[in-house]
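Let's work through some exercises together. Keep the viewer open and try each task before you read its solution.

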Amino acid sequence: MSERESSLQPLVQRFEPYQVERLRQAFPILAQRIYGKPLVYLDSAATSQKPQAVIDAMSRFFLEENANVHRGVHYLSLRATEAYEQTRAKVQRFLNAAHAEEIVFVRGTTEAVNLVAQTYGKVHVHAGDEVLISAMEHHSNIVPWQMLCEQSGARLRVAPIDDAGELQLDELERLIGPRTKLLAISHVSNVLGTVNPIQSIVELAHAQGAPVLVDGAQAAPHLQLDVRALGCDFYALSGHKMYGPTGIGALYGRRELLEAMPPYQGGGDMILSVSFDKTLYNKPPYRFEAGTPNMVGAIGLGAAIDFLGGLDADALAAHEQAVLAYAQEALATVPGLRLIGTARDKIGVLSFVLDGIHPHDIGTILDREGIAIRTGHHCAQPLMQRYGLAATARASLGCYSNEQDIDALLAGLAKVQEVFR
Amino acid sequence: MSDALRELYQEVIVDHGKRPRNFRRIEAPSHTAQGFNPLCGDQLRLELKLVDGVIEDIAFQGEGCAISQASASLLTLAVKGMRQEQALELFARVHMLLTEGPNSQLPAEALGKLAVLAGVWEFPLRVKCASLAWHTLRSALAGDPAPVSTE
């Protein structure tokens, strides 16, 4: 371990056993008051808050290490390159990928999906072929495939879900066939909280020779990930959902697939040599990283992975499940409230509707109580249509969420009902 | 409850939000327009019958929050019987009330029943909810075939 790396270590705090109150202190923003009331942040599925360690790592990069990566021979450039590539290795370990070269830095999950659609998809998906997704996808895992289908003449198929918000595996199996050239599915639904059985889905797809892309944006902050155990071919995540900064994410792609894929964007860093007659492309992952990357974002993502690594993963999962169970029980006592998304295997996303009260009105009234929730269609309009709803209110949990947050939500909902009595 | 909230969710707003007036279709409307708020998925369809420059009947249907439903409901009550130019002038005044708040040039009382919309001004994120119906009215009167979007 280099001297520099060891100097990072004090930033990695350990929280064992799981002490949510101590953990909350690592997130400076949570100490804020909103309209004079303590902030109750229940919108982590939209974006998570950032621990001090992430904020510090990013400012330290600007203060001490900033220079362009993969370019200069000077000291700072080497140091920045090292820090950037160390993060790649951290993402590799976080996902348990076999090789660091299987990790491509992107802006976020959305860019990762677009990258696969416009590189792998362009080569392998043709007229008459099919791309299969599910009814619970975020727009970012729908629209890039629609665009690909429009370009290629392929057909987009959609595997249905049941009323609880669980994928109908038998229907999915029926839809996978020799025409299926790719299956794209979320690991965890951003609206329902449903955890999809990725391993079984991959088996079904691979049996028909179809590779699988997993949208892991909502899974990365909550589940222990192992792309080799999942067996998936691509896995996408966003830094900002997992306590890191915005504008950085990662795409995992199996090495054989990445090596055979054409570039995504052209520019610096993705080339071996350029002449006006011919350009030779660099090898993965650099082939897919044109231009100066979001270096400080990558540093922040690395710090976020260190932060998550400093938590006892089992204790974190147990804590989040306990708060989820508490919240489900609490919300069940609210008259006229209906939970949307009651899958057996789910994480802390609580979408709900209240009889006769529009989610936006709920959101505004809760806001004045210092409670931040998301209201609307959550970038999943087809899923909303599946439930016959225009919008829901959604409270979502993070590692710092506690039972007091839920108590505040419940008190806030009583105020909402008072206004509309 | 905070004063701002009480100002926003006045009884009239809650009442019209729950039981919007003129929430129906019009037979053979002369003008129609659709409005969308892509941020929240609100949508409404406004229909009116213009006879000799006068809005003889106006109605709407749609889905949205209490603010957007109440605003549309109050709109239909306010402009029914008005001349087209009067309705457009009212649009301008309501738009100013929503975006700039009541002031000496435009005291809320000058808008009669619509004064209840004054509270929206303090909630910038909700201005679009309240103004959707009014933009849709303007588009309907202009005969603009494209749906109105608040984005």
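A residue is buried when its relative accessible area is under 20%, exposed when it is over 50%, and partly exposed in between (1.4 Å probe, protein chains only). This is a predicted model in which local features need pLDDT of at least 70 and side-chain atom pairs count only at pLDDT 80 or more, while totals for chains, interfaces and linings use all residues. Residues are numbered from 1 along each chain as its sequence is written, chains are lettered from A and ligands numbered from 1 in the order in which they are written, and side-chain values use heavy atoms, leaving out hydrogens and water.

**Exercise 1. Describe chain B as a whole.**

Step 1: Start with burial. Of the 151 residues of chain B, 50% count as buried.

Step 2: Look at the overall dimensions. The C-alpha trace of chain B spans about 45 × 35 × 25 Å along its principal axes.

Step 3: List the secondary structure, taking helices (H or I, at least four residues) and strands (E, at least two) as DSSP runs numbered from the N terminus. Chain B has 5 helices and 4 strands, and along the sequence they follow the pattern α-α-β-β-β-α-α-α-β.

**Exercise 2. Work out how helix 4 and helix 5 of chain B are arranged.**

Step 1: Find the angle, which runs from 0 to 180 degrees between N-to-C directions, with axes fitted to C-alpha atoms over the stretch in contact. The axes of helix 4 (residues 84-100) of chain B and helix 5 (residues 127-142) of chain B come within 10 Å and cross at roughly 160°.

Step 2: Classify the angle: under 35 degrees is roughly parallel, over 145 roughly antiparallel, 65 to 115 roughly perpendicular and the rest oblique. Helix 4 and helix 5 of chain B are therefore roughly antiparallel.

Step 3: Find the residues that touch, where contact means heavy atoms within 4.5 Å. Among those in helix 4 of chain B are B:Leu88, B:Phe91 and B:His95, and the partners in helix 5 of chain B include B:Trp134 and B:Leu137.

**Exercise 3. Decide whether helix 5 of chain A is enclosed or open.**

Step 1: Count the buried residues. In helix 5 (residues 109-118) of chain A, 9 of the 10 residues are buried; among them are A:Thr109, A:Glu111 and A:Gln118.

Step 2: Conclude. Because 9 of its 10 residues are buried, helix 5 of chain A is largely enclosed by the rest of the structure.
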